[in-house]
Amino acid sequence: MSILAIGLSHRTAPVAMLERVSVTGDALVKLLHDVQRDICVAETMVVSTCNRVEVYVAVDRFHAAVTSISDLLSVHSGVPGDELRPHLYVHYEDQAVEHLFSMVCGLDSMVVGEGQILGQVRRALKLAQKQGTIGAALNELVQSALRVGKRAHTDTGIDQAGASLVSAGLALAGELPGRRALVVGAGSMSSLAAATLARAGVTDIVVANRTYDRGVRLAQTVGGRAVEFAAVPRELATADIVITCIGAGHHVITPDMLSREAFLLDLALPHDIDPEVRAVPGVTLVDLETIQESGIGSREGDAVRSVRELVTRELAAFLDAGRASKVTPTVVALRGKAAGVVEAELGRLLLRMPDLDRKTRDEVTQTVQRVVDKLLHEPTVRVKQLATSPGGDHYAEALRELFDLDPKMPRAVREVEL
């Protein structure tokens, strides 16, 4: 099986396109299963965030899988294939691994170094596990990527290299202390928004959420207060700063709801705020497109270079381990065949010499086994070393040919290991 990643992000598509393709909730679950049902696909995981939609699969046929998954993304989003395909990128095998490692470290984010992607990929993995669409290959890859991402954020200064999307958006809001803020939503992005506001000196924070209890819990963490979701129009009448992060699929804030000057930050896909609010006097709307155009957090510094070096090292280690693991079943099969030969020959010897005493039998057995082990030691160690180089799987093929191993035996060994 080979790893394939297909998707689009802020680097290849305008936010309007990302908004159309974005999938959440039941639609995301359906996409997972529809991809999984494809004959070419063995495992599936989908990462869908505010600035990317990516499908990761383990496949046995490259071209057929690319075509099938591209078509499914078109069907699920309602975007015609000829309109969607120019924005899609495809990463295969080593490139797919490198892309995932870099992405989880925040190197591919709209705001370089933001840590939210780490949690988003972790949730994508958990969803795929819960839905039963992920297996050993993707699970090992994603778990490794998450470990690399965690190291990037703990061992380097990448968190300070670029602000989060929230911080990047609020950087355009001017002075924050003394202003009144309304946060619409209570998910992870909303929690980050509320915490960022509190750290910036905003002491009057209101949280509105469809599930009132979750809103209460978030408000308590920042010393604010919670209101029912239906109270959003009323709270807009006194709010100076409004941050929305729910991706409801329709506009929850429209021009007719605004009657005063306010700074609005829409971090959702699909957008929560009607872009027409920009026509309301005194209203400033910042969304993902605005942040992207501002270039905030996109500069590369020492921390980013350190993370790139980390990704390079970890990528090499992961690929080497993967190549070595591919030859291991063949080595095990070779040793198994050798053990069978030893057993058969010792059996023949004992039939010809039934009067051998037990001590002599044991000595003969150990001597034969030592000879076989020594003969196999150097080639098996060497083939494992050679397997880490590009094209290393050819050495395993050579072993199978030279020792006439059953082609099915290494595969059976691998299946038992998994």
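The legends below describe close-up views of a predicted model.

**View 1. The antiparallel sheet is open and has 4 strands.**
The strand order is E2-E3-E1-E4, and the pairing is antiparallel. Strand E2 (41–49) and strand E4 (89–92) form the edges. Each of these edge strands pairs on one side only. From one strand to the next, the twist averages 15°.

**View 2. E2 and strand E3 run antiparallel.**
Strand E3 covers residues 52–59. It is joined to E2 by 8 bridges. Which residue of E3 is the bridge partner of Val41? The partner is Val59.

**View 3. The parallel sheet is open and has 6 strands.**
Here the order is E7-E6-E5-E8-E9-E10, with parallel pairing. Strand E7 (225–228) and strand E10 (283–287) stand at the edges. Each has a single partner strand, so one side of each is left without a neighbour in the sheet. The twist in this sheet averages 20° from one strand to the next.

**View 4. Strands E5 and E8 run parallel.**
Strand E5 spans residues 180–184, and strand E8 spans residues 241–244. The two are joined by 4 bridges. Val184 stands opposite Thr244 in E8.

**View 6**

At least two lining residues come from each of H2, E2, helix H6 (116–131) and helix H10 (188–199). H6 supplies the largest share, 6 residues. By class, the lining has 14 nonpolar, 14 polar and 2 charged residues.

**View 5. The largest cavity holds about 40 Å³ of space.**
How many cavities of 30 Å³ or more does a search of the whole structure find? The search finds 1. The largest cavity is lined by Thr49, Cys50, Asn51, Glu114, Gln116, Ile117, Gln120, Leu165 and Met189. H6 gives the most to this lining, with 3 residues. The lining comprises 4 nonpolar, 4 polar and 1 charged residues.

**View 6. Phe101 and Phe318 form an edge-to-face pair.**
A search of the whole structure finds 2 aromatic pairs. In the pair shown here, the ring centres of Phe101 and Phe318 are 5.7 Å apart. The ring planes stand at 70°, so the pair is edge-to-face. Phe101 lies in helix H5 (residues 94–104), and Phe318 lies in helix H14 (residues 302–352). The pair therefore ties together parts that are 217 residues apart in sequence.

Definitions and conventions. Residues are numbered from 1 along each chain as its sequence is written. This is a predicted model: local features need pLDDT of at least 70, side-chain atom pairs count only at pLDDT 80 or more; totals for chains, interfaces and linings use all residues. Side-chain values use heavy atoms; hydrogens and water are left out. Two strands pair if DSSP finds at least two bridges between them. Axes are lines fitted to C-alpha atoms, for helices over the stretch in contact, and angles run from 0 to 180 degrees between N-to-C directions. Ala, Val, Leu, Ile, Met, Phe, Trp, Tyr, Cys and Pro count as nonpolar, Asp, Glu, Lys and Arg as charged, and the others, Gly among them, as polar. Rings of Phe, Tyr and Trp (its six-membered ring) pair if their centres lie within 6.5 Å; planes under 30 degrees apart count as stacked, over 60 as edge-to-face and the rest as tilted. On a 1 Å grid over the protein atoms alone, a cavity is a set of points where a 1.4 Å probe fits but cannot get out, and a pocket is an open set with protein on both sides within 12 Å along at least five of seven lines; lining residues have an atom within 4 Å of a point. Grid points are joined across faces, edges and corners, and a volume is the space filled by probe spheres set on the points.
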